[in-house]
Amino acid sequence: GNFLENIPRVQFNHRLLGIASLFGMGVLWVASWKTTLSRRACTALGLLFGVAILQVGLGIATLLLVVPLPFGVAHQAGAVLLFTCALWVGYETHGETSSKPHA
């Protein structure tokens, strides 16, 4: 019942989702090494993972500093940047079907 109303639970869910997302993006990035992707797709995947690392770090810093406004705003902006990178990855990999390793 209180999945979205209990503040500690919401914080836990947010942290869990962040860590799971970072892990998933890392797995995707490493898996991409074994495929033949365009240079743009590889760049997009690398940027996605890099921004995810920064976003998690910014989230941790925001909590440790007890949510100063500039850090909270930067974390929100980081979410927009991360989403934009994810869209770019989707665009660059759309239709990619090859799983051949790079030569």
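A search of the whole structure finds 1 salt bridge, a term that here denotes a side-chain nitrogen of Lys or Arg within 4 Å of a carboxyl oxygen of Asp or Glu. The structure is a predicted model, in which local features need pLDDT of at least 70 and side-chain atom pairs count only at pLDDT 80 or more, whereas totals for chains, interfaces and linings use all residues. Residues are numbered from 1 along each chain as its sequence is written, and side-chain values use heavy atoms, with hydrogens and water left out.

The salt bridge is formed by Arg-40 and Glu-92, whose closest N and O atoms are 2.9 Å apart. The pair links distant parts of the chain, since Arg-40 lies in helix α2 and Glu-92 in helix α3, 52 residues apart; helices are DSSP runs (H or I, at least four residues) numbered from the N terminus. Glu-92 counts as buried, because its relative accessibility is 11% and buried means under 20% relative accessible area, while exposed means over 50% and partly exposed lies in between (1.4 Å probe, protein chains only).

The largest nonpolar core has 12 residues, namely Met-25, Leu-37, Ala-41, Ala-44, Leu-45, Leu-48, Phe-49, Val-51, Ala-52, Leu-82, Cys-85 and Val-89. Such a core is a set of buried Ala, Val, Leu, Ile, Met, Phe, Trp, Tyr and Cys residues joined through side-chain atoms within 4.5 Å. Helices α2 and α3 each supply at least two residues of this core, and α2 gives the most, with 7 residues. In soluble globular proteins, nonpolar side chains tend to be buried together.

One of the core residues, Cys-85, lies in helix α3 and counts as buried because its relative accessibility is 4%. When residues up to four places away in sequence are not counted, Cys-85 touches Leu-47, Leu-48 and Val-51, where contact means heavy atoms within 4.5 Å. Cys-85 and Leu-45 are 40 residues apart in sequence, yet 8.0 Å apart in space, C-alpha to C-alpha.

Helix α1 covers residues 7–32, and its 26 residues should span 38 Å at 1.5 Å a residue, which agrees with the 37 Å between its end C-alpha atoms; the expected span is 1.5 Å times one less than the number of residues. Within α1, Met-25, Gly-26 and Ser-32 are buried, and what covers the buried residues of this helix includes α2 and α3.

Towards the loop between α2 (39–64) and α3 (69–93), the description turns to individual residues. Thr-62, in helix α2, is buried, with a relative accessible area of 7%. Leaving aside its neighbours within four places in sequence, Thr-62 is in contact with Val-67, Pro-68, Phe-71, Gly-72 and His-75. By contrast, Leu-64, also found in helix α2, is exposed, with a relative accessible area of 68%. Ile-60, Leu-64 and Leu-65 make a nonpolar surface patch of about 330 Å².

Both Val-66 and Val-67 are placed in the loop between α2 and α3. Phi of Val-66 is near 60°, a positive value in a residue other than glycine, and phi of Val-67 is near 55°, likewise positive in a residue other than glycine. Val-66 is exposed, with a relative accessible area of 69%.

Terms used:
Patches are made of residues with over 30% relative accessible area and no salt bridge: like charges are joined within 9 Å, nonpolar side chains (Val, Leu, Ile, Met, Phe, Trp, Tyr) within 5 Å. Accessible areas come from the Shrake-Rupley method with a 1.4 Å probe; for residues, only the protein chains shown count as cover.
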